[in-house]
Amino acid sequence: MNTFDAIYSRKSVRSYTGEAIDDTTLKEIIKAGVAAPVGMGRYGDMHLTVIKDKDLLKKISQAAATMMGKPDMDPLYGAPTLVLVSSKKPAPAMANAVQSSAACIVENMSLAAVDLGVGTVHIWGAVAALVRNEELVASLDLPADFTPLCGIALGKTDIKYTVKDVDMSRIATDYIG
């Protein structure tokens, strides 16, 4: 798949077979995340945590469902893998750069997943719930002063990616000059 086809095919997958992707595919997706741009080249301030432990995934999902007031919901959609992107707690002036870096890392992984036919969805709400739960954060064994920012759920899916037309009116765009 070429780059534009991956971009125009990407969508949030919220239905997984429950089957994990193989380690070779997972490593290729992680490599794409590591290749992402990071503000001021501060790669040492970023950290990835790959979670495949079913009990931990269930606890994270339950914490998120509770926070959202929807106890029967699965905010991880049954995906068998969650990759969290964490960072050192930034100075307030750098918070936007750190959030942007985390989003770039997740988007790179997402596009790689699309190219490899792996189901993927960006995860924000479950991460917001996770950071409010000190016990869950401690179970991640993160380096000191790191906090989860966002994540990406991954897994096999029956959903197929197809190139779609992009409605250019979705986001207002001004051209100056």
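I began with Tyr-8, which is partly exposed at a relative accessible area of 33%. I took "buried" as under 20% relative accessible area, "exposed" as over 50% and "partly exposed" as in between, with a 1.4 Å probe and protein chains only. The model is predicted, so I noted that local features need pLDDT of at least 70, that side-chain atom pairs count only at pLDDT 80 or more, and that totals for chains, interfaces and linings use all residues. Residues are numbered from 1 along each chain as its sequence is written, and side-chain values use heavy atoms, with hydrogens and water left out.

**Entry: strands**

I placed Tyr-8 in helix H1 (residues 3–9). Helices (H or I, at least four residues) and strands (E, at least two) are DSSP runs, numbered from the N terminus.

I then asked which strands pair with E4. Strand E2 (residues 81–88) runs antiparallel to E4 and is joined to it by eight bridges. Strand E3 (residues 119–123) is also antiparallel to E4, over five bridges. Pairing requires that DSSP find at least two bridges between two strands.

**Entry: salt bridges**

I counted a salt bridge where a side-chain nitrogen of Lys or Arg is within 4 Å of a carboxyl oxygen of Asp or Glu. The count comes to five salt bridges.

Among them is the contact of Glu-19 with Lys-156, at 3.2 Å from N to O. This pair links distant parts of the chain, 137 residues apart: Glu-19 is in the loop between H1 and helix H2 (23–34), and Lys-156 is in the segment after E4. Glu-19 is partly exposed at 45% relative accessibility, and Lys-156 is partly exposed at 33%.

Lys-52 and Asp-23 form a salt bridge at 3.0 Å, N to O. Lys-52 lies in the loop between strand E1 (46–51) and helix H3 (54–67) and Asp-23 in helix H2, so the pair ties together parts 29 residues apart in sequence.

I also examined Asp-45, whose salt bridge with Arg-42 has its closest N and O atoms 2.5 Å apart. Asp-45 is buried, with a relative accessible area of 16%, whereas Arg-42 is partly exposed at 43%. Arg-42, Asp-45 and Lys-88 are linked in a network of salt bridges.
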